[in-house]
Amino acid sequence: MTSIRSISIVVPSEPTPSGVLRLPETDQVAQWTHAPIINIYRAKSNNITIPFSFEAMKNSLSRALIHFYPLAGRLHWIEGGRLELDCNAMGVQLLEAYSEAELVELGDFAPTDAVRDLVPKVDYTTPIEEWPLLLVQVTRFRCGGLCVGVAISHTMVDGRSATHFINSWAKLSRGYDLEDVDMPFLDRTVLRSSEPVRTPRFVHIEYTTKPPVLIGRTDANEERKKETSVTLLKLTREQVEVLKKRANQDVVGVTTIRPYSRYEAIAGHMWRCACKVRAVDSHNSQSTRARLVVDIRNRLKPSLPERYFGNAISVTMTPICLYEDLLSKPLSYSAGKLREAIERMDDEYIRSALDFISSQKDVSGLRSSFHMQGYSEAPFLGNPNISLGSWIGLPIYDADFGWGKPIYVGPGLLNMDGKSFIMPSPTADGSLIIAFRLQTQFMDSFKKIFYEDIME
């Protein structure tokens, strides 16, 4: 049981720029809910409490908000289902909590209901103008460990920007000042659509087509209601290399192809395994596709500044594939379909997508997912489809607040069947962790096949 000891509103410790900011298209189609992240810290030895000062956390957070002041503002709705940011320095919410549990009782920190309690709750029934864009819950456990649970507005940041903020705050907490290389780039106008808006140059399937549904169904309502479970899958460096090697085995003799990456190999393997276990209840002629998110910072010409702070990501979709093709063909086939979706995202395609979003009278229907369990208006991405997110390149284990690096960083919630994140592990030895939610009826078979197929 977790009890809240105190709730504080933290504002920037110095005056910050004010005014209303127009948000670019990539922010407009992001989830308006808050992304939940947990950072777990273990005491260095039993019965030793981490040297934690709530006041020090407040003070360093207040200093961080000087540089990341948009997070201290508030959103409000404007026409067309769009949002604007009021930089009014109303502040962020910081909660102090205590749990009678010990960290060991949370197992591997998979995003279960118990883990969800470590992330601050947002009351989405209140007007959006009242929602803090950042909420942090610092929970001390009976064993002396800590969790820094973060709920951060996805309208404001993507994973890279969220990590940038958390790591910068942690640096201040350790007693260091932020240097020029730590400073966020806050000018979001560099990511706006054309002015005047141009006609889109491509058919943007990521916004204009619905994902496949099961054969014999007209919608996903029945699948949405089915019970789901969540798990953490762990891959050693050797297992990662096996998958990467296998994905590239069947392209021998093709000299023009760049080798498939770790992400493409692992994500392709996950997609195939999901099809294999779901095929028990389906047909081999069942269609499916995968959803993924691409960081566009270096895909634009010119590239965005490295420290761009906002949503510099874009959703992309694979072509629709058949179970029978994914299961009968080698891993290079599924990895290749993921590659198609990724390589589509060049400068011309991304800028066309920005123009497409900008040209829409109402963008509400373009938002792709929500960080709420069972949210009925969220597009369903599950059976027979899959969502394959990646945190592989994010420095999530640099969040040292003065107590050492976290022993685990991951999502505080996976809200939907088929949703996953492929993440680095705290050992930094090339091993990876995958957080994955799947219908309960398929989960045991999936875990079995996931590892057995690697060993083939």
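W77 has L83 in β5 as its bridge partner. This pair belongs to strand β4 (residues 74-78) and β5, which run antiparallel and are joined by five bridges. Strands here are DSSP runs of E with at least two residues, numbered from the N terminus, and two strands pair if DSSP finds at least two bridges between them. The model is predicted: local features need pLDDT of at least 70 and side-chain atom pairs count only at pLDDT 80 or more, while totals for chains, interfaces and linings use all residues. Residues are numbered from 1 along each chain as its sequence is written, and side-chain values use heavy atoms, with hydrogens and water left out.

Three residues separate β4 from β5 in a hairpin, and G80 in the turn has a positive phi of about 75°. β5 (residues 82-87) also runs antiparallel to strand β2 (residues 19-22), with four bridges between them. Here D86 in β5 is the bridge partner of V20, and C87 in β5 stands opposite G19.

Turning to the cores, a nonpolar core is a set of buried Ala, Val, Leu, Ile, Met, Phe, Trp, Tyr and Cys residues joined through side-chain atoms within 4.5 Å; buried means under 20% relative accessible area (1.4 Å probe, protein chains only). The largest has 75 residues, of which F165 and F401 touch the most other members. Apart from it lies another core of 53 residues, including Y260, C273, C275 and I350.

Key:
Buried means under 20% relative accessible area, exposed over 50%, partly exposed in between (1.4 Å probe, protein chains only).
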